[in-house]
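Here is my note on the model, as numbered points. Please read it with the structure open.

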Amino acid sequence: MILSRMKPAVGGETSVSISEKKRKNQAKVPSLEEYLQQRDYLGALTLLEFQRSIGEKEEHADLWIGYCAFHLGDYKRAMEEYTSLTMKPDCPAEVWVYLACAMFFLGLYKEAEEAASKAPRSPLQNRLLFHLAHKFNDENRLMSFHQNLEDVTEDQLSLASIHYMRSHYQEAIDIYKRLLLQNRDFLALKVYVALCYYKLDYYDVSQEVLAVYLQSIPDSTIALNLKACNHFRLYNGKAAEAALKNLIDISSCSFEFAKELIRHNLVVFRGGEGALQVLPPLIDVIPEARLNLVIYYLRQDDVQEAFNLIQDLLPATPQEYILKGVVNAALGQEIGSRDYLKIAQSFFQMVGGSASECDTIPGRQCMASCFFLLRQFDDVLIYLNSVKGYFYNDDTFNFNYAQAKAAVGNYKEAEEIFLLIQSEKLKNDYVYLSWLARCYIMNQKGHLAWELYLKMGTSSDSFSLLQLIANDCYKMGQFLYAAKAFDALEKLDPGSDYWEGKRGACVGVFQLILANKESKETLKDVLALLQNSRSSQVEYFIRALRKWAKDNRVLLS
């Protein structure tokens, strides 16, 4: 029970104190200028809309509403405001370029160009037309607008962004670093530098640069998303998802782009989970959505669907060229088409041979893929050896690396690399089984190759593996397993000439016994294999072997 108060619970306020309180409350409402200085565009927009609703319009309120909507990423709303302004007789001429900017961010490039042409000449108009020329792949106009750029911050930022979009990341970094030296308080440039390093695969450097920015702006959507992407590249999907949690927590209902970005990236971080529900609607919203959906189809072995989705895409970035190469290579191998393989080879060569990509990890992988398709495995190894340190636990890399090692006859290392692979899908692939079997045989481990066959079910692949074991073991003097393989082949195809191979292998085993290179007890296995054949020559071989066994006191029972 409260027995005393410092002030009354009700009443007791004089008219002076009430008016003073009202005055203080009114003073707490920030002005439009204060909102804009704090970059609180949502607050500024709310104030402007409230003033509009009660008839207290700020000077140039419609222009400010369009400005705030644009900076909030609501380009549709900005376009609507600017469009309505252009219909007024006293509309400022520069509104046309503002309208064009909103259209540009909505992907309405033709409409943006038309609107920009109605605006008076200005640095902003030149920058916009510069970017439109890039979108239209018009090199002549691009160079024309490039020449109009001046050595001022806005124009240099525009030039750096074009370098970035054309995959000239080092040139973009050079511009950003020069601007940072001139303007140390332009912290956002660090995000751009970090993005460039990310694209160059320097994820650790990207993270270091980004950390400086996040210390000052810890709730930046772009920066937090990039941090998550770096974690995905450096660690794994779980680490990336954990880094993205901050972004999920702070993304507001007014920022739709963040939501779409989060949904898209969560699919990637979770290894494609929910891809068919999330990615198709985002194909024309987030550029990477189409590419990630293609990757999802490839991982599901739906090569045709991946090809359908990417065949009409005109590649503009190294990633798009690489993915088109991968899809064409996969389709060519699946349907046995040399034409698709040649297309894939040309895409890989374009990326690997380009000045901007030749020294990157993907660029070197592309050259390795190009030579792989050309079956020039010595050249493949030159490129794969240069990047293997980055892929020690990568099953796909090891799969290709081991094949190349085996193809040049380095079977010992190839076997070791094949055995590093953990993926059950790859380990059940016939290409993996056949190459590993060959490595075992070439390394005098025919028994392990035979065990691979015994674990397989009956199929066309198991028949092919038997043929490989039979022929390679025979060639390498591992005659017992050659005989076993020819025996199994003879049972599967009695009308063939596998008897001749089995006969030669059995004689080879006997020769090894005579040379004390094979146990005499192995003779029992040889006799059992011979008895499975229906050839008229069988009895002659069996009698000869039994006589030798009797003379040399070898027990056959």
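1. Burial. This is a predicted model. Of the 557 residues in the protein, 43% count as buried. The accessible surface comes to about 31,400 Å². Carbon and sulfur atoms hold 52% of that surface.

2. Overall form. The protein has 33 helices and zero strands. Its radius of gyration is 36 Å, whereas a compact globule of 557 residues would have one near 24 Å. The C-alpha trace spans about 130 × 80 × 40 Å along the principal axes.

3. Contacts and charge. Take the contacts between residues at least 6 apart in sequence: 44% of them join residues at least 24 apart. The charged side chains number 61 positive and 69 negative. The centres of these two sets lie 7 Å apart.

4. Cores. The largest nonpolar core has 67 residues. Which residues have the most contacts inside it? They are Phe 418, Ile 469 and Leu 530.

5. Leu 530. Leaving out residues up to four places away in sequence, Leu 530 touches Trp 499, Cys 506, Val 538, Phe 541, Ile 542 and Leu 545.

6. Lys 502. This residue sits in helix 31, residues 498-514. Is Lys 502 buried or exposed? Lys 502 counts as buried, because its relative accessibility is 0%, and the cut-off for buried is under 20%. Beyond its neighbours within four places in sequence, Lys 502 is in contact with Ala 483, Phe 486, Asp 487, Glu 490, Leu 529, Asn 532 and Ser 533. Please inspect this site in the viewer.

7. His 131. Helix 8, residues 123-135, holds His 131. His 131 has 13% relative accessibility and so counts as buried. Its contacts, neighbours within four places in sequence aside, are Phe 104, Ser 158, Ser 161, Ile 162 and Met 165.

8. Helix 18. This helix covers residues 287-299. Which of its residues are buried? Ala 289, Leu 291, Asn 292, Leu 293, Val 294, Tyr 296, Tyr 297 and Leu 298 are. Asp 301 follows helix 18 and has a positive phi, near 65 degrees.

9. Ala 211. Helix 13, residues 203-216, contains Ala 211. At 36% relative accessibility, Ala 211 counts as partly exposed. Ala 211 and Ala 223 are 12 residues apart in sequence. Their C-alpha atoms are 8.9 Å apart in space.

10. Positive phi in two loops. Most residues other than glycine have a negative phi. Ser 167 is not a glycine, yet its phi is positive, about 65 degrees. Ser 167 lies in the loop between helix 10 (153-165) and helix 11 (169-182). With a relative accessible area of 4%, Ser 167 is buried. Arg 375 also has a positive phi, near 60 degrees. The place of Arg 375 is in the loop between helix 22 (361-373) and helix 23 (377-387). Arg 375 counts as exposed, because its relative accessibility is 61%, and the cut-off for exposed is over 50%.

Technical notes. Residues are numbered from 1 along each chain as its sequence is written. This is a predicted model: local features need pLDDT of at least 70, side-chain atom pairs count only at pLDDT 80 or more; totals for chains, interfaces and linings use all residues. Side-chain values use heavy atoms; hydrogens and water are left out. Helices (H or I, at least four residues) and strands (E, at least two) are DSSP runs, numbered from the N terminus. The radius of gyration is taken over C-alpha atoms; the globule rule is 2.2 Å times the number of residues to the power 0.38. Buried means under 20% relative accessible area, exposed over 50%, partly exposed in between (1.4 Å probe, protein chains only). Contact means heavy atoms within 4.5 Å. Accessible areas come from the Shrake-Rupley method with a 1.4 Å probe; for residues, only the protein chains shown count as cover. Lys and Arg count as positive and Asp and Glu as negative; His and the chain ends are not counted. The place of a charge is taken as NZ of Lys, CZ of Arg, CG of Asp or CD of Glu. A nonpolar core is a set of buried Ala, Val, Leu, Ile, Met, Phe, Trp, Tyr and Cys residues joined through side-chain atoms within 4.5 Å.
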